[in-house]
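Visitor: I would like to learn how to read a structure feature by feature. Could you guide me through one?

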Amino acid sequence: MMDKTYFIQTYGCQMNVHESEKIAGILQSRGYSACESVDDADVIVLNTCCVRETAETKVYGHLGRIKSKKKHGATLAVCGCMTQQKGVAESLVKRCPFVDIVIGTFNQYMIGEYIDKFLHTGVRVTEIWESPNDCDKHENIARDSGVNAWVNIMYGCNNFCTYCIVPYVRGRERSRSIDDILRDVDNLVASGYKQITLLGQNVNSYSYKGKNFIDLLKLLDSDKKYRLRFMTSHPKDFSVELAEEIARSRVLAHNLHLPVQAGNNRVLELMNRRYTREQYLQKIDAIRSLVPDIGLSSDVMVGFPTETEEEFCDTLDLVKRVKYNNLFMFIYSRRSGTPADKMPQLDYKTKQQRIDKLIKAQFEISKELASNMTGSVVEALVSEKTGDKCFGKASNDSAITFVSADAKPGDFVKVKITNSRNANLTGEVYNG
């Protein structure tokens, strides 16, 4: 009997990437092995996203191609945030009768049972849970992220930003137990992973039996050699105490992703972000005073409903003032079921012109910051190697290329930055 194979297509954020690792672990525990093509797979899984309309459009486009490519007898499953939205699963079932299994975010850990049920009965499975029955039921995880390992510390979101669908498809905040998290991290470090990334829609809100996020970070501090990251932090909850912990910790990376979304107070209020431009900049000043070499990244959305040109210029000004090492820039995308969907919308041309200005400004900032690193010595964690060429990242998340015959993925190597081209750094092994 030939081996059974699976193919997983993942859309969206790091949370989805990690959940696809969990789905892969479930399938592997049932005797399936990964393959490289939809054409060869016995089970095809699309793990979907719905944060932006473009992600949903891509899913339907991919389904159309899969319809003609999947081999006879293959099982096709669609899961994730897109299907968790109200009414979407029903629409998908009608629009794509060739999809065999449709499930949401809360019951993805049941995908093995659903596949068995479909193969046994031949009857399509459509099951969307309205709320989670358990915080985390995954034991087998087929990790596929190199030297990095993702660890969920919490699920869901309570913030209800007016543009965001996440609280509706991920549910309310639910924190995992500290003991489970510590056990996961200890096991992963013992297994050789050199970077652990803690995941949550808003990690700052972590709370379990009287312990908060900073308590968790203190427990994860160690003299073992590994790098600890986390995402994502909400600016309203970011505190001086957290900045102090980043400065004090032996393992925390000197990198912070703090999504600002907009630099104008009226727009921030419309977004229900619950902080002001001034408060955000104060937090940036605090982290920079405590961790001078901090690498900052952020998310910025342009073209939010009713945003004026002057208000966009406030966002552009904030970006130039903060000088992010890396910036994820998006055009606002309507999401049905969110308050912003009902607000007066801007035309696409205006939004495109604004993001073009932002991209141009950030390119110059990234170029300047990279140039400023020339001559400095950093510790790079090697993630990939081709021949003698090594690719790695510094603690501040800057990407570095250098040559070493001896270094291998997972090694920490001191590197002197010798050159920069745009935002890309090159260096040489430092033996000083």
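**Reading the features**

Guide: We start with L242, which is found in helix α9. Keep in mind that this is a predicted model.

Visitor: Is L242 buried or exposed?

Guide: Relative accessible area decides, and under 20% counts as buried. L242 has 1% relative accessibility, so it counts as buried.

Visitor: Which residues is L242 in contact with, apart from its neighbours within four places in sequence?

Guide: Leaving those neighbours aside, L242 is in contact with N204, F213, I214, L217 and F230. For a sense of distance, take E56. It is 186 residues from L242 in sequence, and the two C-alpha atoms are 36 Å apart in space.

Visitor: What about E245, is it buried or exposed?

Guide: E245 also lies in helix α9. Its relative accessible area is 2%, so E245 is buried. Beyond four places in sequence, E245 is in contact with I214, L217, K218 and L252.

Visitor: Where does Q261 lie, and is Q261 buried or exposed?

Guide: Q261 lies in the loop between β14 (255-257) and α10 (265-271). With a relative accessible area of 7%, Q261 is buried.

Visitor: And where is N272 found?

Guide: N272 is in the loop between α10 and α11. Its relative accessibility is 26%, so N272 counts as partly exposed.

Visitor: R274 is in which loop?

Guide: R274 is found in the loop between α10 and α11. R274 has a relative accessible area of 45%, so it is partly exposed. Leaving aside neighbours within four places in sequence, R274 is in contact with N158, N159 and K236. Now compare sequence and space. R274 and C161 are 113 residues apart along the chain, yet their C-alpha atoms are separated by 9.1 Å.

Visitor: How many residues apart in sequence are V267 and T306?

Guide: They are 39 residues apart in sequence and 8.2 Å apart in space, C-alpha to C-alpha. V267 lies in helix α10. Its relative accessible area is 0%, so V267 is buried. Not counting residues up to four places away in sequence, V267 touches A262, F304, E307 and E311.

Visitor: Take a strand next. Where does G80 lie?

Guide: G80 lies in strand β4, residues 75-80. At 1% relative accessibility, G80 counts as buried. G80 touches N47, T48, I103, G104, T105 and Q108, with residues up to four places away in sequence not counted. G80 and V169 are 89 residues apart in sequence, while their C-alpha atoms are 8.5 Å apart in space.

Visitor: How do I read a pair of helices? At roughly how many degrees do the axes of α11 and α12 cross?

Guide: Use the angle between the axes; under 35 degrees counts as roughly parallel. The axes of α11 (residues 277-290) and α12 (residues 309-322) come within 11 Å and cross at roughly 10 degrees. The two helices are therefore roughly parallel to each other.

Visitor: Which residues meet there?

Guide: From α11 come R277, Y280, L281, I284 and R288. They meet D314, D317, L318, R321 and V322 in α12. By class, this contact has 5 nonpolar, no polar and 5 charged residues.

Definitions and conventions: Residues numbered from 1 in each chain as written. Predicted model: local features only at pLDDT ≥ 70, side-chain atom pairs only at ≥ 80, totals over all residues. Heavy atoms only, no water. Axes fitted to C-alpha atoms, helices over the stretch in contact; angles between N-to-C directions. Helix = DSSP H or I, 4+ residues; strand = E, 2+ residues; numbered from the N terminus. Parallel < 35°, antiparallel > 145°, perpendicular 65-115°, else oblique. Contact = heavy atoms within 4.5 Å. Nonpolar A, V, L, I, M, F, W, Y, C, P; charged D, E, K, R; others polar. Buried < 20%, exposed > 50% of the residue type's maximum accessible area, 1.4 Å probe, protein only.
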